[in-house]
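Here is a short briefing to read alongside the model.

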Amino acid sequence: MAAPPRHGREYGRPVAGSKTEARGRFAGAHISQEVKDLCRVILQMGHEQPDGTVSVTFGRLFERYTRISNKVVGMLLRARKQNLVHFEGEMLFQRRDDDVIITLLRMPEDVENDSDEYWNIRAK
């Protein structure tokens, strides 16, 4: 089997219908669910702001969410990449950044999953 062209759409992607593709789909769905769970936790424990957003400090969120998952910082970074949350700085560290405000901008149901576009293309 010939490799796809280096600058083509399929370069670096698993072969359609392969086990690698299936594992990638499963991992993507799992991460999306964890991001949704994180946003629900922020919504439940945060304080609503006058502009309709919900905010919580990183310290409070870290204490609550680490009981659910030890990947809180990674999930926050992923949620920020999807424009679901906002916080200052590149990385958050326990204790040092406990007072950093995490703002939930919107819930994930309002957002298209960035990997869905790829999988929809593959289905055609």
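Why are aspartate 37 and arginine 40 in helix α1 separated by about one helical turn? They are three residues apart in that helix, which puts about one helical turn between them.

This is a predicted model, in which local features need pLDDT of at least 70 and side-chain atom pairs count only at pLDDT 80 or more, while totals for chains, interfaces and linings use all residues. Residues are numbered from 1 along each chain as its sequence is written, and side-chain values use heavy atoms, leaving out hydrogens and water.

**Overall fold**
- The protein chain has four helices and four strands, taken from DSSP runs numbered from the N terminus (helices are H or I, at least four residues; strands are E, at least two).
- Along the sequence, these elements follow the pattern α-β-β-α-α-β-β-α.
- Of the 124 residues, 33% count as buried (buried is under 20% relative accessible area, exposed over 50%, partly exposed in between, with a 1.4 Å probe and protein chains only).
- Among contacts (heavy atoms within 4.5 Å) between residues at least 6 apart in sequence, 54% join residues at least 24 apart.

**Helix α1 against helix α3**
- Helix α1 (residues 19-45) packs against helix α3 (residues 72-81) at an angle of about 95°, and their axes are 9 Å apart; the axes are lines fitted to C-alpha atoms over the stretch in contact, with angles from 0 to 180 degrees between N-to-C directions.
- That makes α1 roughly perpendicular to α3, a label for angles of 65 to 115 degrees.
- On the α1 side, Ile31, Glu34, Val35, Leu38 and Ile42 meet Val72, Met75, Leu76, Arg78 and Ala79 of α3.
- Glycine 74 also lies in helix α3 and is partly exposed, at 38% relative accessible area.

**Salt bridges**
- The count comes to three salt bridges, each a side-chain nitrogen of Lys or Arg within 4 Å of a carboxyl oxygen of Asp or Glu.
- Lysine 71 and glutamate 34 form one of them (3.4 Å, N to O), linking the loop between α2 (58-65) and α3 to helix α1 across 37 residues.
- Lysine 71 is partly exposed at 40% relative accessibility, whereas glutamate 34 is buried at 10%.
- Aspartate 37 pairs with arginine 40, with closest N and O atoms 2.8 Å apart.
- Aspartate 97 pairs with arginine 96 at 3.1 Å; aspartate 97 is buried at 10%, and arginine 96 is exposed at 58%.

Terms used:
Parallel < 35°, antiparallel > 145°, perpendicular 65-115°, else oblique.
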